[in-house]
Amino acid sequence: PSVMSQGVVMETCTCTAPVNMAVIKYWGKRHKDLVLPLNSSISATLDQKQLRTKTTVAISPSFEDDRLWLNGIEERVDTVRIQNLLAELRQRSIEQQSCPQEWFSWKLHVCSENNFPTAAGLASSAAGYACLAFSLAVLYRLRGDISDIARRGSGSACRSMYGGFVIWDKGTKADGTDSIARQLYPETHWPELHILILVVSDQKKHTCSTAGMEVTVETSSLMKQRIRLVPDRIKEMTSAIEKRDFHKFAELTMKDSNQLHAVCLDSYPPISYMTDVSRQIVHMVHEYNKLKGQNKVAYTFDAGPNACLYLIEEDVAEVVSLVTHFFPPIGPTEEFYTGLPTGSVALDQFQVIASQINLPKQPGAIKYVIHTKPGPGPCVLTKKVDSLLDISGHPKY
Ligand code: DP6
């Protein structure tokens with residue numbers, strides 16, 4: 001909406017965008033600046049009730065500079081990613097003649113915050129860039145797909161532009177115009193599918209994805225093999241999601257995560273994102289699936305030690321009990337869980353399972369657990385109270 005403060009006009013827009021968790025991973029670029037991937041990838045968009053970024057953007061002739069506040073701290077706007085994203089957006093807006101010309105000379109204020117602690121160590125760049133691209137596109141009144149604009153900020157951000165199950169087609173064109181995300185199925189397609197994010201207590205600074213994938217592409221010979229294999233995996237994964245075949249979905253998800261971390265280790269120098277705790281989670285999941293005689297849980301890991309578990313709703317209570325049994329919280333249990341309610345499980349039934357899994361107990365190794373499920377894509381918030389900027393265009397806090 002337009003806001004008038006002391007006769008000065010300001011246009012603002014507030015939106016939210018979700019986090020996504022890949023089941024077929026994006027790892028490796030064929031073009032660095034355009035952020036074009038070597039392979040297509042598939043993810044589920046997570047519910048914004050548990051994890052989302054909220055962003056308010058404003059333009060006004062009264063602003064002297066482009067400014068950006070992230071989680072309460074002013075950050076630089078002159079990074080390559082932000083500048084590329086803005087340039088692409090303005091270009092699109094000029095082509096579509098979507099907004100008044102003078103807006104391009106007006107400066108921009110951006111304020112953004114997450115509804116989950118930054119300290120959780122969850123990759124928030126996908127939701128962050130998706131939210132920035134989406135709110136600016138709404139502000140500049142752009143039409144059509146804008147996932148390629150979000151992609152310029154961070155590759156995985158393009159998948160956060162849609163809800164449910166999303167594919168990022170790698171595309172073949174040199175200019176990247178066909179490297180876009182699209183929805184495979186809405187979040188309502190598989191309502192029983194739930195997600196547990198296990199935030200591992202780990203203070204280590206990890207190689208960022210951008211730098212990590214560069215080393216992999218340059219040095220890993222295993223990566224060449226991966227690139228040949230992914231297209232078939234994409235087809236298999238699409239079909240497993242279509243059929244809601246959890247056993248197959250889980251197998252493909254775990255194998256693809258393992259392959260990502262294998263090409264990381266095959267990089268030179270090697271990159272290792274998973275820790276002993278991550279590997280113990282992997283072991284626990286495989287033991288559990290073996291006991292059950294089929295895949296009941298799937299793990300997947302991004303560029304860090306946190307595990308993301310996909311599972312069916314009816315198994316959540318038992319798996320949460322298992323996680324708590326092997327990785328008991330040191331602090332209060334209420335703070336250990338966030339998100340959707342998990343329900344409870346019969347103690348004797350659970351003890352039989354736990355006793356058959358050979359794993360040492362590790363108190364405090366998992367910081368907390370977020371229970372969520374697939375959810376919708378970015379949203380526009382229209383209420384004035386939702387804005388993160390005040391009428392002068394500065395952060396409210
Ligand atoms: C392991 O999207 O963070 O999470 O494009 O360089 O910003 P840039 O990388 P980014 O990489 C994400 C990698 C991943 C896998 C995935 O989300 O597909």
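Predicted model: local features only at pLDDT ≥ 70, side-chain atom pairs only at ≥ 80, totals over all residues.
Trainee: Which residues have the most contacts inside the largest nonpolar core?

Mentor: As a general idea, nonpolar side chains in soluble globular proteins tend to be buried together. Here the largest nonpolar core has 101 residues, and Ala130, Ala133, Leu198 and Leu309 have the most contacts inside it. Helix H2 (residues 125–139) supplies the largest share of this core, 11 residues. Domain 1 (2–187 + 376–386) and domain 2 (193–372) each contribute at least three residues to the core.

Trainee: Leaving aside sequence neighbours within four places, what is Leu309 in contact with?

Mentor: With those neighbours set aside, the contacts of Leu309 are Ile195, Leu196, Leu198, Val297, Ala298, Tyr299 and Val319.

Trainee: Now for strands. Which strands are joined to S17 by bridges, and in what sense do they run?

Mentor: Look for the bridges first, then for the direction. Strand S13 (residues 193–200) runs antiparallel to S17, with 6 bridges joining them. Strand S16 (residues 337–339) runs parallel to S17, and 3 bridges join that pair. You can find individual partners too: Val199 is bridged to Tyr368 in S17, while Thr338 has Ile370 as its bridge partner there.

Trainee: Why is S17 described as largely enclosed by the rest of the structure?

Mentor: Because 6 of its 7 residues are buried.

Trainee: And Tyr368, is that residue buried or partly exposed?

Mentor: Count the C-beta atoms around it; a buried residue needs 20 or more others within 10 Å. Tyr368 has 18, so it is partly exposed. This residue sits in S17 (residues 366–372). Beyond its neighbours within four places in sequence, Tyr368 is in contact with Val199, Glu335, Phe336, Tyr337 and Thr338.

Trainee: Let's turn to the ligand. Where does it lie relative to the two domains?

Mentor: Domain 1 and domain 2 both do, so the ligand lies between them. There are 15 residues around the ligand, and Ala22, Ser154, Gly155, Ser156 and Thr210 come nearest. By class, the shell has 6 nonpolar, 7 polar and 2 charged residues.

Trainee: What is the bridge partner of Ala22 in S6?

Mentor: That partner is Ser43. Strands S3 (residues 20–24) and S6 (residues 41–45) pair in the antiparallel sense over 4 bridges. S3 is mostly covered, with 5 of its 5 residues buried.

How values were computed:
Residues numbered from 1 in each chain as written. Buried ≥ 20, exposed ≤ 12 C-beta atoms within 10 Å, placed from the backbone. Helix = DSSP H or I, 4+ residues; strand = E, 2+ residues; numbered from the N terminus. Pairing = 2+ DSSP bridges. Contact = placed C-beta atoms within 7 Å. Near = placed C-beta within 6 Å. Nonpolar A, V, L, I, M, F, W, Y, C, P; charged D, E, K, R; others polar. Domains from an automatic or database assignment. Core = buried A, V, L, I, M, F, W, Y, C linked by C-beta atoms within 7 Å.
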